[in-house]
Amino acid sequence: MEIIKDNEHEKNITEETNEIVFTESDRACNTYGNTCKSECVCKEHTHSSPCYNLRLGDTAPYFECNTTFGPCQSTDFKGKWLVFFSHPSDFTPVCSSEFLAFSKYHGEFQKRNCNLLGLSVDSNSSHIAWVNDICKTTGCQIPFPLASDPSMDIAKKYGMIAPNISTTKTVRSVFIICPKQTIKAILTYPATNGRNIAEILRLLDALQLTDTENLYTPAGWNPGMPAVVPAPATYQELCERVQNPGDLSCYSWYLCFKQPSAAAPTMSCANPCQDPCSMPNNCCGQPIMPNTCCSQGMMPNKCQGPLNC
């Protein structure tokens with residue numbers, strides 16, 4: 001085992017796998033993608049990438065990558081919202097269920113001027129083979145790009161690797177990035193538990209409402225519901241609100257609600273997620289697999305293309 005020092009921290013590098021083994025000082029500081037300013041150094045010293053501690057309001061770090069749709073750079077998404085998410089590994093059951101679910105809601109994200117971009121440390125060849133297998137076995141074509149990051153450079157920049165869990169695979173990170181390339185929300189799920197895509201869509205709706213109308217969203221908020229008006233910042237504003245609440249519905253001077261002026265986004269289908277077998281269904285509740293989704297019907301023998309409403 002080789003030990004590399006990078007001013008502040010030691011990295012133990014295994015000769016066989018080139019895998020970073022973290023020391024106790026590293027773990028205490030969470031150097032790998034979080035708080036420290038030091039470098040994450042590879043065994044051959046051929047490259048190093050800065051570790052980042054991304055927070056809400058930060059500018060999304062720039063990156064370039066290859067995807068299942070071709071070369072891509074982060075600035076390609078400027079002017080649009082972006083849901084940038086990582087998954088641990090191709091050809092795995094939870095990740096496959098998530099990609100089917102993201103595909104189901106893809107049209108809804110597009111209606112909100114939002115792109116989807118997935119990422120893992122697998123190669124692009126692996127990604128292509130996996131999405132093709134999903135297509136052949138379920139009939140669902142993945143309609144958004146999947147980025148490859150075998151060097152883990154992007155994963156390190158975005159803090160997608162939790163070294164106490166794995167130093168070679170990403171966890172289930174989600175970054176919602178606004179058209180100005182500012183990070184508006186960060187979610188992290190463990191590898192063992194899949195994400196609720198409808199909740200990510202709901203959060204996007206809430207962020208867009210705040211961005212356009214300066215309204216906040218209360219617990220359990222969904223599009224179409226009244227939103228919270230920011231509390232008065234001065235005593236004068238408090239008095240003005242009490243004396244003339246206008247179109248506000250107030251329980252107290254600091255807890256007031258208002259109906260958003262913009263029409264709530266409408267789903268393409270009514271109650272798209274109510275079917276108990278909704279994972280293998282498209283957004284209209286129509287089975288992606290033949291016959292009913294819980295049946296023992298024959299699997300499709302060829303790619304049928306994307307299933308949209």
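This is a predicted model: local features need pLDDT of at least 70, side-chain atom pairs count only at pLDDT 80 or more; totals for chains, interfaces and linings use all residues.
**Figure 1. Overview of the protein chain.**
The secondary structure of the protein chain consists of seven helices and 15 strands. The chain has 309 residues, and 46% of them are buried. Its accessible surface is about 15,600 Å², with 52% belonging to carbon and sulfur atoms. Of the contacts between residues at least 6 apart in sequence, 61% join residues at least 24 apart.

**Figure 2. The open sheet of β13, β15 and β14.**
Three strands make up this open sheet, in the order β13-β15-β14, with antiparallel pairing. Strands β13 (227–229) and β14 (249–252) are at the edges; each has a single partner strand, so one side of each has no neighbour in the sheet. On average, neighbouring strands of this sheet are turned by 35° against each other, direction ignored. Strands β13 and β15 run antiparallel and are joined by three bridges. Val229 lies opposite Cys256 in β15. In general, the strands of a sheet pair through backbone hydrogen bonds, in either a parallel or an antiparallel manner.

Leu255 belongs to strand β15, which covers residues 255–258. Leaving aside residues up to four places away in sequence, Leu255 touches Ser249 and Cys250. Pro230 is 25 residues from Leu255 in sequence, and the two are 8.2 Å apart in space, C-alpha to C-alpha.

**Figure 3. A nonpolar surface patch that includes Leu255.**
Val242, Tyr251, Trp253, Tyr254 and Leu255 make a nonpolar surface patch of about 570 Å². Within this group, Val242 is located in helix α7 (residues 235–243), whereas Leu255 is located in strand β15. Val242 has a relative accessible area of 54% and is therefore exposed, the cut-off for that class being over 50%.

**Figure 4. The hairpin of β11 and β12.**
Strand β11 (residues 172–177) and strand β12 (residues 183–189) run antiparallel and are joined by six bridges. Phe175 lies opposite Ile186 in β12. Five residues lie between the strands of this hairpin, and Gln181 takes a positive phi near 65°. In a regular strand, side chains alternate between the two faces of the sheet.

Terms used:
Residues are numbered from 1 along each chain as its sequence is written. Side-chain values use heavy atoms; hydrogens and water are left out. Helices (H or I, at least four residues) and strands (E, at least two) are DSSP runs, numbered from the N terminus. Contact means heavy atoms within 4.5 Å. Patches are made of residues with over 30% relative accessible area and no salt bridge: like charges are joined within 9 Å, nonpolar side chains (Val, Leu, Ile, Met, Phe, Trp, Tyr) within 5 Å. Accessible areas come from the Shrake-Rupley method with a 1.4 Å probe; for residues, only the protein chains shown count as cover. A salt bridge is a side-chain nitrogen of Lys or Arg within 4 Å of a carboxyl oxygen of Asp or Glu. Buried means under 20% relative accessible area, exposed over 50%, partly exposed in between (1.4 Å probe, protein chains only). Two strands pair if DSSP finds at least two bridges between them. Axes are lines fitted to C-alpha atoms, for helices over the stretch in contact, and angles run from 0 to 180 degrees between N-to-C directions.
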